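Look at the model below before reading on. The report then goes through some of its parts in turn.

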Amino acid sequence: MDTADTVDAHGAQRWRALLVPLTVNILLPLVLYYVLRAQGMVPWQALLLSSALPAAHALGTAVVRRRVDA
């Protein structure tokens with residue numbers, strides 16, 4: 001394996017480590033909240049349901065890694 005290949009692999013791994021939590025914890029809940037609100041759901045229910053995805057991701061991460069990230 002070439003050094004450039006190793007650097008590219010680490011770069012891709014860093015981007016994935018950044019983009020997955022941002023997508024799951026910020027982008028998807030926002031989109032889901034506004035979709036639910038557009039469907040006529042009351043704000044507190046839409047907020048509660050849209051927060052279930054980040055909560056499940058945090059729980060899954062804690063179980064797999066056996067530690068809680070801040």
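## Basis of the model

This is a predicted model, in which local features need pLDDT of at least 70, side-chain atom pairs count only at pLDDT 80 or more, and totals for chains, interfaces and linings use all residues. Residues are numbered from 1 along each chain as its sequence is written, and side-chain values use heavy atoms, with hydrogens and water left out.

## The largest pocket

Rolling a probe the size of a water molecule over the atoms shows where empty space is left. A pocket is an open set of points on a 1 Å grid over the protein atoms alone, where a 1.4 Å probe fits and protein lies on both sides within 12 Å along at least five of seven lines. The largest pocket has a volume of about 290 Å³. A volume here is the space filled by probe spheres set on the points, with grid points joined across faces, edges and corners.

The lining of the largest pocket has 15 residues, where a lining residue has an atom within 4 Å of a point. Nearest the centre lie P21, H57, T61, R65 and D69. Helices α1 (3-38) and α3 (52-65) each supply at least two lining residues, and α3 gives the largest share, six residues. Helices are DSSP runs (H or I, at least four residues), numbered from the N terminus. By class, eight lining residues are nonpolar, three are polar and four are charged. Ala, Val, Leu, Ile, Met, Phe, Trp, Tyr, Cys and Pro count as nonpolar, Asp, Glu, Lys and Arg as charged, and the others, Gly among them, as polar.

## A nonpolar surface patch

W15, L18, L19, L22, I26, L30 and Y34 make a nonpolar surface patch of about 730 Å². Patch residues have over 30% relative accessible area and no salt bridge, and nonpolar side chains (Val, Leu, Ile, Met, Phe, Trp, Tyr) are joined within 5 Å. A salt bridge is a side-chain nitrogen of Lys or Arg within 4 Å of a carboxyl oxygen of Asp or Glu. Accessible areas come from the Shrake-Rupley method with a 1.4 Å probe.

One member of the patch, W15, lies in helix α1. W15 counts as exposed because its relative accessibility is 55%; the cut-offs are under 20% for buried, over 50% for exposed, and in between for partly exposed.

## Other residues of α1

Helix α1 also holds A9, L28 and V31. A9 is partly exposed at 44%, L28 at 38% and V31 at 45%.

V31 and L59 are 28 residues apart in sequence, and their C-alpha atoms are 21 Å apart.

## Residues beyond α1

L49 is found in helix α2 (residues 43-50) and is partly exposed, with a relative accessible area of 45%. L49 and Y33 are 16 residues apart in sequence, and 7.8 Å apart in space from C-alpha to C-alpha.

R66 lies in the segment after α3. Its phi is near 60 degrees, a positive value in a residue other than glycine. Is R66 buried or exposed? R66 is exposed, because its relative accessible area is 76%.

Definitions and conventions: Patches are made of residues with over 30% relative accessible area and no salt bridge: like charges are joined within 9 Å, nonpolar side chains (Val, Leu, Ile, Met, Phe, Trp, Tyr) within 5 Å. Buried means under 20% relative accessible area, exposed over 50%, partly exposed in between (1.4 Å probe, protein chains only).
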